[in-house]
Amino acid sequence: RKIVFVTGNKGKFREVKDILADRGYEVIQNTDGYPELQEDELEPIAAYGAKLSAERLGMPVMVDDSGLFIEVLNGFPGPYSAFVEKNLGNQRILKIMEDETDRKAVFRSVIGYCEPGSEPLTFTGNVEGKIAFEELGTGGFGYDPIFDYNGKTFGELGDDFKNTVSHRRRALDKFLEWLE
Ligand code: ITT
Ligand code: NA
């Protein structure tokens with residue numbers, strides 16, 4: 001069983017490939033990309049990306065739109081997570097958070113899935129944590145070194161553990177439940 005995953009993000013691809021391999025799926029990366037709607041929520045971005053990609057490629061596809069939502073910053077960077085990671089980076093987030101005592105944050109992943117000629121579906125997963133005070137660990141990718149899950153960052157915990165509790169894992173579990 002094969003699934004085409006449209007993404008340019010190597011970290012996402014590696015995680016999805018590992019999680020779905022355990023369930024008997026082969027994941028194939030497609031790097032064509034898709035225009036991202038400017039929205040406050042991830043669901044419409046994932047739905048639109050999946051629909052557009054499925055029609056373009058003429059085959060069923062999945063996408064993953066994800067982000068880090070920091071509570072005290074009203075959900076920032078949220079849907080702007082890719083832009084912020086690229087242009088500001090973890091150190092600038094830590095700087096903004098320097099004097100904040102409320103460090104609650106949520107990672108969210110929305111899997112969009114679409115078959116040509118059909119409407120897109122979305123599956124959302126969340127994991128709660130806190131913004132660390134410094135970058136820790138070399139595992140994972142992106143915001144993982146500053147995302148503290150029960151006292152250790154995803155960067156420290158590494159992919160194998162992350163894949164058992166992550167936002168992406170939870171979204172994929174819902175997707176597979178529907179698929180099967
Ligand atoms: P696509 O090609 O799949 O769109 P992208 O990197 O542009 O890749 P998004 O638009 O979904 O992805 O942006 C999400 C941002 O949040 C991006 O900077 C990711 O690196 C980061 N991110 C997403 N999931 C993450 C995770 O599990 N751990 C750390 N950072 C994550
Ligand atoms: Na993107």
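## Strand pairing, cores and ligand shell in a predicted model

Strand 4 and strand 5 (residues 121-131) run antiparallel and are joined by 10 bridges. The structure is a predicted model, and its secondary structure comes to six helices and seven strands. Read from the N terminus, the elements of the protein follow the order β-α-β-α-β-α-α-β-β-β-β-α-α. The radius of gyration of the protein is 16 Å, close to the 16 Å that the globule rule gives for 180 residues, so the protein is as compact as a globular protein of that length.

**Overall dimensions and packing**

- The C-alpha trace of the protein spans about 50 × 35 × 25 Å when it is laid out along its principal axes.
- Of the 180 residues in the protein, 39% are buried.
- When contacts between residues at least 6 apart in sequence are considered, 58% of them join residues that are at least 24 apart.

**Strand 4 and its partners**

- On the side of strand 5, the bridge partner of lysine 104 is lysine 130.
- The hairpin of strand 4 and strand 5 has six residues between the strands, and in this hairpin glycine 117 takes a positive phi near 85 degrees.
- Strand 4 is mostly covered, with nine of its 11 residues buried.
- In a regular strand the side chains alternate between the two faces of the sheet.

**Nonpolar cores**

- The largest nonpolar core holds 25 residues, of which Ala46, Ala50, Val61, Met62 and Ile111 touch the most other members.
- At least two residues of this core are supplied by each of strand 1 (2-6), helix 1 (10-21), helix 2 (42-57), strand 3 (61-70), strand 4 (104-114) and helix 6 (167-179), and the largest share, eight residues, comes from helix 2.
- Leaving aside residues up to four places away in sequence, isoleucine 111 touches Ala46, Met62, Asp64, Thr122, Phe123, Ala171, Leu172 and Phe175.

**Surroundings of ligand 1**

- Ligand 1 is surrounded by 19 residues, and the closest of these are Thr7, Asn9, Ala82, Glu85 and Gly142.
- Strand 3 and helix 3 (81-87) are the elements that give two or more residues to the shell around ligand 1, and the largest share of that shell, four residues, comes from strand 3.
- By residue class, the shell around ligand 1 divides into four nonpolar, nine polar and six charged residues.

**Arginine 23**

- Arginine 23 lies in the loop between helix 1 and strand 2 (26-30).
- Arginine 23 counts as exposed because it has 12 C-beta neighbours inside 10 Å, and the cut-off for an exposed residue is 12 or fewer.
- The C-alpha atoms of arginine 23 and arginine 1 are separated by 9.9 Å, and the two residues are 22 residues apart along the chain.

Methods: Residues are numbered from 1 along each chain as its sequence is written. Chains are lettered from A and ligands numbered from 1 in the order in which they are written. This is a predicted model: local features need pLDDT of at least 70, side-chain atom pairs count only at pLDDT 80 or more; totals for chains, interfaces and linings use all residues. A nonpolar core is a set of buried Ala, Val, Leu, Ile, Met, Phe, Trp, Tyr and Cys residues joined through C-beta atoms within 7 Å. A residue is buried if 20 or more other C-beta atoms lie within 10 Å of its own, exposed if 12 or fewer, and partly exposed in between; C-beta atoms are placed from the backbone. Two residues are in contact if their C-beta atoms, placed from the backbone, lie within 7 Å. A residue is near a molecule or strand if its C-beta atom, placed from the backbone, lies within 6 Å of it. Ala, Val, Leu, Ile, Met, Phe, Trp, Tyr, Cys and Pro count as nonpolar, Asp, Glu, Lys and Arg as charged, and the others, Gly among them, as polar. Two strands pair if DSSP finds at least two bridges between them. The radius of gyration is taken over C-alpha atoms; the globule rule is 2.2 Å times the number of residues to the power 0.38.
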